[in-house]
Amino acid sequence: MRLFATANPLGMNAVKLLGLLCVTALVASAAVGAEGDGIVVAFTFFPLLRSETEALEKRQSAVDRIFDRYVSEICITLDEISHIYNRTLVALFRQNTRVLRDMSRRSAKLCREAEARRRAGVTLQRGGVADMGAWLFGTRATIYLAEMCEALERIVRPACEHVEHGGALTREQTVALMRLNDGIDAMTHKVSEALSERTSSAETSGGVLPVRRQRDDVLDLVREYTREQIACGGGEEDTATDLLFLTLLGETKTLTLRMSNLLKIKRYSQQASHGE
């Protein structure tokens, strides 16, 4: 974080502004008791202060718009991930090969797009604005989204292949995945809401604690179902189904953690951008 403190232009501008305030205060105090001219000299600093403040506010507004634009793109991708995840599990329960093949194509396309964004990187020089915090958020967010799309594809593809080969889940596995499906849907909505908040507070933000609780709930379910599956694994004829179930659990865990990481990196990036 020391890099942000030294490289952050907003922080340097704040130091300059503080210096101007100190100079103004000294001139004003020296002018006490003087006749007319000293007071005029002291007040000539105020247009400079006002101009500096307006420049800082204008620049921060531009940075906020950059964050808003990337949050909007992230939320659209999260919504698509959640939709594909839901449709895949429902089609797996119903052994609907047509839907699974469609979800497989959509997840592959989403994964290619996310990987292209990750490779291209993010250059935040639009409109003459360059900000370390916004750059950090953009680059790390594209990495997390690419990893989420890869995890989604590792869910959809084997599920499709499993049904194509006549495989089916057990009743217990179906119930477990239905609960995880609800958990991922709730997690997606809570993360999107929290990302849309402009506050950079680590603890007081209204969306942070609900996301943490939802994340912990999903991870607890994943651990519980993993232990149960390992403890009561079926015979040799059930190996493919058991492996698929464990794969879905592991990739669901990855989705959950990366969604949580998106919120963390936005908070840290805003703090860097604001010089906190």
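Let's start with helix H5, which covers residues 97-120. Its 24 residues reach 35 Å from the first C-alpha to the last, close to the 34 Å expected at 1.5 Å a residue. Keep in mind as you look around that this is a predicted model.

At the start of H5, look for asparagine 96: one of its side-chain oxygens comes to within 3.2 Å of the backbone nitrogen of arginine 98. Moving along the helix, you can pick out the residues that are buried: Val99, Leu100, Met103, Ser107, Ala108, Leu110, Cys111, Ala114 and Glu115. Several of these names will come back as we go on.

Now step back to the whole chain. It holds nine helices and zero strands, so reading along the sequence gives the pattern α-α-α-α-α-α-α-α-α. Of its 276 residues, 43% count as buried. Among contacts with a separation of 6 or more, 83% join residues 24 or more positions apart. The accessible surface comes to about 14,700 Å², and carbon and sulfur atoms account for 56% of that area.

What lies inside? In soluble globular proteins, nonpolar side chains tend to be buried together. Here the largest nonpolar core has 59 residues, and Leu78 and Leu180 are those with the most contacts inside it. Helix H4 (46-94), H5, H6, H7, helix H8 (208-231) and helix H9 (239-273) each supply at least two residues of this core. The most come from H6, which gives 16 residues.

H6 deserves a visit of its own. This helix has 33 residues and reaches 48 Å from its first C-alpha to its last, close to the 48 Å expected at 1.5 Å a residue. After H6 comes glycine 166, with a positive phi near 85 degrees. Within H6 (residues 132-164) you will find valine 156. Valine 156 counts as buried because its relative accessible area is 0%. Its contacts, leaving aside residues up to four places away in sequence, are Ile84, Thr88, Leu100, Met103, Ser104 and Ser107.

Is serine 192 buried or exposed? It counts as buried, because its relative accessibility is 16% and the cut-off for buried is under 20%. Serine 192 touches Cys75 as well as Leu78, with residues up to four places away in sequence not counted.

Finally, what about the cysteines? A search of the whole structure finds zero disulfides. Cysteine 149 is in none, and the nearest cysteine sulfur, that of cysteine 111, is 5.9 Å away; a disulfide would need the two sulfurs within 2.5 Å. Cysteine 149 is buried, with a relative accessible area of 0%, and cysteine 111 is among the buried residues of H5. Cysteine 232, on the other hand, counts as exposed, because its relative accessibility is 56%.

How values were computed:
Residues numbered from 1 in each chain as written. Predicted model: local features only at pLDDT ≥ 70, side-chain atom pairs only at ≥ 80, totals over all residues. Heavy atoms only, no water. Helix = DSSP H or I, 4+ residues; strand = E, 2+ residues; numbered from the N terminus. Expected span 1.5 Å × (residues − 1). Buried < 20%, exposed > 50% of the residue type's maximum accessible area, 1.4 Å probe, protein only. Polar contact = N/O pair within 3.5 Å; in protein donor to acceptor, adjacent residues only side chain to side chain. Contact = heavy atoms within 4.5 Å. Areas by Shrake-Rupley, 256 points an atom, 1.4 Å probe, with all protein chains shown as cover. Core = buried A, V, L, I, M, F, W, Y, C linked by side-chain atoms within 4.5 Å.
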